[in-house]
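This briefing collects computed features of one structure for a reader interested in strand pairing, ligand surroundings and annotation. Please keep the structure in view while reading.

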Amino acid sequence: MKSSNQQSTRQEPAPAPAAAAEPTSGPLTREELQLAARNHSMPLEALRRELTPPGLHYVLTHFDIPDLDASSWHLRIGGAVERALELSMAALLRDPAITVPVTLECAGNGRSLLEPRPVSQPWIMEAVGTAHWTGVPLAYLLGKAGVLPDAVEVVFTGADAGIQGGVPQQYARSLPIREALRPDVVLAYKMNGADLPPQHGYPLRLVVPGWYGMASVKWLASIEVAKAPFPGFQQKVAYRYQESVDDAGTPVTRIRVRSLMVPPGVPDFFTRKRFLRAGPVMLEGRAWSGEGAVTAVEVGIDGTWLPAHLDKPVGGYAWRKWSLPWVADPGEHVLACRATDITGASQPLEQDWNYQGMGNNVVQRVSVTVE
Ligand SMILES: Nc1nc2c(c(=O)[nH]1)N[C@H]1C(S)=C(S)[C@@H](COP(=O)(O)O)O[C@H]1N2
Ligand SMILES: [Mo]
């Protein structure tokens, strides 16, 4: 550190931009509260529903929600293509459509459970939701445009702009070509059968099944096929598994296996602690993984793990319902759930820390008082 009145000829390097402030063990800040009041998670009781109603689905918006007019809005598809396209909403509505059930989860979900706490949107564990997304397969439009053979990525830019880590930007993310050409990647104009709500990307958003939410760019303005990896802030600085601020880290991609439980009984208003009557109770919840099918869920009752029943999956990248009957006896109990996916990956009992608080898939524990 040099003091301001000291003369120095040595040039200090400018600090590299960071996705968020230094992690802390201090109390929640006003800035975190401000973000938490804008970006909400899904109340856990909504896990009872296979599809999350839009108002209950989690929301994460970095900057401001744009106010777009679908009648004048256009999507540009250009870059390394044979013919650039400029599409109106009316034109997109005439293209073939698909509907895909997708569980979206924010990569920062669980961030605030880490110690020290990465400072950003302070998710606890409910930044998740499942919807039917209807729209045009991205592969269809890329096929129409004709991707050139030396293309490596596709860059998606949203209409929303702001500053993060000192860097002015429009929200933008890329996908490798092979992911962009998957048949289930959709440019969605409907959520659960209705027009997209403003907060979920009206009039058009990308939905990338299996990937953490940051890949699913909302309020799409343009799609650019690129011959080199995209160096944008949300790709190279944010959404990385980093040990420290100056670790380049590795990119966050697919959703790690995870399960959540509908908290049984009734809550105390302020503490959210749970209370229920002694006797039979059906423990239930949902489990998902961006790596493929969920193959097992175990329910922990005071540290003893029991296999849960799994319902049929509703889609390749949508959550799967699990349930287990339990006879609650009076006293204090700790309930937990733990999913395993087709790759053999299971949720950790303790979470490894990372600088941005990405990919936390630690098992959920629910304390209940049975009376
Ligand atoms: N244009 C734009 N797209 C975006 C974002 C954003 O801030 N701007 N946030 C991303 C992040 S981090 C997540 S987790 C998901 C959240 O989608 P949802 O709000 O529809 O649940 O949108 C992604 N797409
Ligand atoms: Mo996110």
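Two strands are taken to pair if DSSP finds at least two bridges between them. With that in mind, Gly79 has Val225, in strand 12, as its bridge partner. The model is predicted, and the points below are grouped by topic.

**Strand 12 and its partners**
- Strand 12 spans residues 220–226 and is mostly covered, with six of its seven residues buried.
- Strand 2, made up of residues 74–79, runs parallel to strand 12 and is joined to it by four bridges.
- Strand 7, which covers residues 153–164, pairs with strand 12 in the antiparallel sense over six bridges, and within this pairing Thr157 has Ser222 of strand 12 as its bridge partner.

**Surroundings of ligand 1**
- Ligand 1 is surrounded by 19 residues, of which the closest are Tyr58, Asp160, His200, Arg205 and Lys218.
- A polar side-chain atom of His200 is placed 2.6 Å from an oxygen atom of ligand 1, while a backbone N or O atom of Leu60 lies 3.0 Å from an oxygen atom of the ligand.
- A polar backbone atom of Ser216 lies 3.0 Å from a nitrogen atom of ligand 1.
- Taken alone, ligand 1 exposes 540 Å², and the protein buries 100% of that area.

**Annotated domain**
- An unreviewed UniProt entry carries the annotation "domain: Moybdenum cofactor oxidoreductase dimerisation", which covers residues 258–370.
- In the model, the span of residues 258–370 is 0% helix and 53% strand, and its end C-alpha atoms lie 26 Å apart.

How values were computed
Residues are numbered from 1 along each chain as its sequence is written. Chains are lettered from A and ligands numbered from 1 in the order in which they are written. This is a predicted model: local features need pLDDT of at least 70, side-chain atom pairs count only at pLDDT 80 or more; totals for chains, interfaces and linings use all residues. Side-chain values use heavy atoms; hydrogens and water are left out. UniProt positions are given in the numbering used here, feature names are shortened, and annotations may be inferred rather than shown by experiment. Helices (H or I, at least four residues) and strands (E, at least two) are DSSP runs, numbered from the N terminus. Buried means under 20% relative accessible area, exposed over 50%, partly exposed in between (1.4 Å probe, protein chains only). A residue is near a molecule or strand if one of its heavy atoms lies within 4 Å of it. A polar contact is a pair of N or O atoms within 3.5 Å; within protein, one must be able to donate a hydrogen and the other to accept it, and residues adjacent in sequence count only if both atoms are side-chain atoms. Accessible areas come from the Shrake-Rupley method with a 1.4 Å probe; for residues, only the protein chains shown count as cover.
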